[in-house]
Amino acid sequence: MNPNSSGLIFESLEEDKGERDVGKLAVWSVSSAKPGNGVDLLVDGSSDTYWQSDGMQPHTITLHFQQYVAISKVAIQTNYRMDESYTPQRLSVSVGTRWSDMSCIRTEEVIEPQGWIVLPIASEEHPEKPVTGRILQITILVNHQNGRDTHVRQVRVFGSRGDQSTGSHAVSWMTTDATMYATCR
């Protein structure tokens, strides 16, 4: 039985048909990493590998997108049984269009998480809509048992499948003028 009453922890991660993995569109960075346990292990698809921080808390995982992206869900894979004091306990997710307007969208505390921590991302004004931004930052504020460094096994970021881009920056190639130049003779 999972000790979390919040309903955020899942053994496996299933992709919703209306969502797509937008993490592939980003440039990833971390606040620090032990040699051999870098940022590339967050997206390698293996639950046997992990990113390990190397420094003072808080630890951060930052995604920079080239264009505005609608973010609906962040999923973080942890393994308390294997990692114990390295396992995140309190984390936050912030989104912004640039560093000066970053805002904390969600802060969660989880107890001994085993599997995927799935955090729906939505604005307070419109809880049914995903949040749009160009920077996403996951911050590990506290680890279990007051651990210093952290282990995160995988991270996936999801957005709406229908939106390739959002807001006024979206380009539609289905207009008559655009399709006229879509092929070469």
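What follows is a chat about a predicted model of a protein.

Visitor: Hi! How many helices and strands are there in the protein?
Guide: Hello! The protein has two helices and twelve strands.

Visitor: Good to know before I set anything up. Which strands make up the open sheet?
Guide: Five strands, in the order β3-β5-β10-β7-β8, with antiparallel pairing. Strands of a sheet pair through backbone hydrogen bonds, either parallel or antiparallel.

Visitor: Which are the edge strands?
Guide: β3 and β8, each of which pairs on one side only. From one strand to the next, the twist averages 15°.

Visitor: Let's zoom in on β5 and β10. Over how many bridges do they pair?
Guide: Nine, in the antiparallel sense. As a landmark, look for H59, which stands opposite I140 in β10.

Visitor: And what about β7 and β8?
Guide: Strand β7 covers residues 88-96 and strand β8 covers residues 103-109; they pair in the antiparallel sense over six bridges. The two form a hairpin, with six residues between them. Here a handy pair to find is L91 and E108, the latter in β8, standing opposite each other.

Visitor: Changing topic: which residues touch the most other members in the largest nonpolar core?
Guide: I61, I71, I76, L136 and V155, out of 28 residues in that core. The elements giving two or more residues to this core are β3 (26-30), β5 (59-71), β6 (73-79), β7, β9 (114-120), β10 (131-143) and β12 (154-160).

Visitor: Which of them gives the largest share?
Guide: β5 does, with five residues.

Visitor: I'd like to follow I61. What is it in contact with?
Guide: Leaving aside neighbours within four places in sequence, the contacts of I61 include W28, V30, L42, W51, L136, I138, I140, V152 and V155. Among its other partners are S29 and Q137.

Visitor: What about a second core?
Guide: There is a separate one of five residues, and A75, W116, V118 and F158 are among them.

Visitor: I have my eye on S72. Where does it lie?
Guide: S72 lies in the loop between β5 and β6.

Visitor: Buried or exposed?
Guide: S72 counts as buried, because its relative accessibility is 17% and the cut-off for buried is under 20%.

Visitor: Which residues is S72 in contact with, then?
Guide: Beyond four places in sequence, S72 is in contact with E19, L119, P120, I121, P130, F158, G159 and S160. F158 is also one of the residues of the second core. You could look at T132 too: S72 and T132 are 60 residues apart along the chain, and their C-alpha atoms are separated by 8.8 Å.

Visitor: What share of contacts in the protein join residues at least 24 apart?
Guide: 77%, counted among contacts between residues at least 6 apart in sequence.

Visitor: Last one: what does the accessible surface come to?
Guide: About 10,400 Å², of which 50% belongs to carbon and sulfur atoms. As for burial, 45% of the 185 residues count as buried.

Definitions and conventions: Residues are numbered from 1 along each chain as its sequence is written. This is a predicted model: local features need pLDDT of at least 70, side-chain atom pairs count only at pLDDT 80 or more; totals for chains, interfaces and linings use all residues. Side-chain values use heavy atoms; hydrogens and water are left out. Two strands pair if DSSP finds at least two bridges between them. Helices (H or I, at least four residues) and strands (E, at least two) are DSSP runs, numbered from the N terminus. A nonpolar core is a set of buried Ala, Val, Leu, Ile, Met, Phe, Trp, Tyr and Cys residues joined through side-chain atoms within 4.5 Å. Buried means under 20% relative accessible area, exposed over 50%, partly exposed in between (1.4 Å probe, protein chains only). Contact means heavy atoms within 4.5 Å. Axes are lines fitted to C-alpha atoms, for helices over the stretch in contact, and angles run from 0 to 180 degrees between N-to-C directions. Accessible areas come from the Shrake-Rupley method with a 1.4 Å probe; for residues, only the protein chains shown count as cover.
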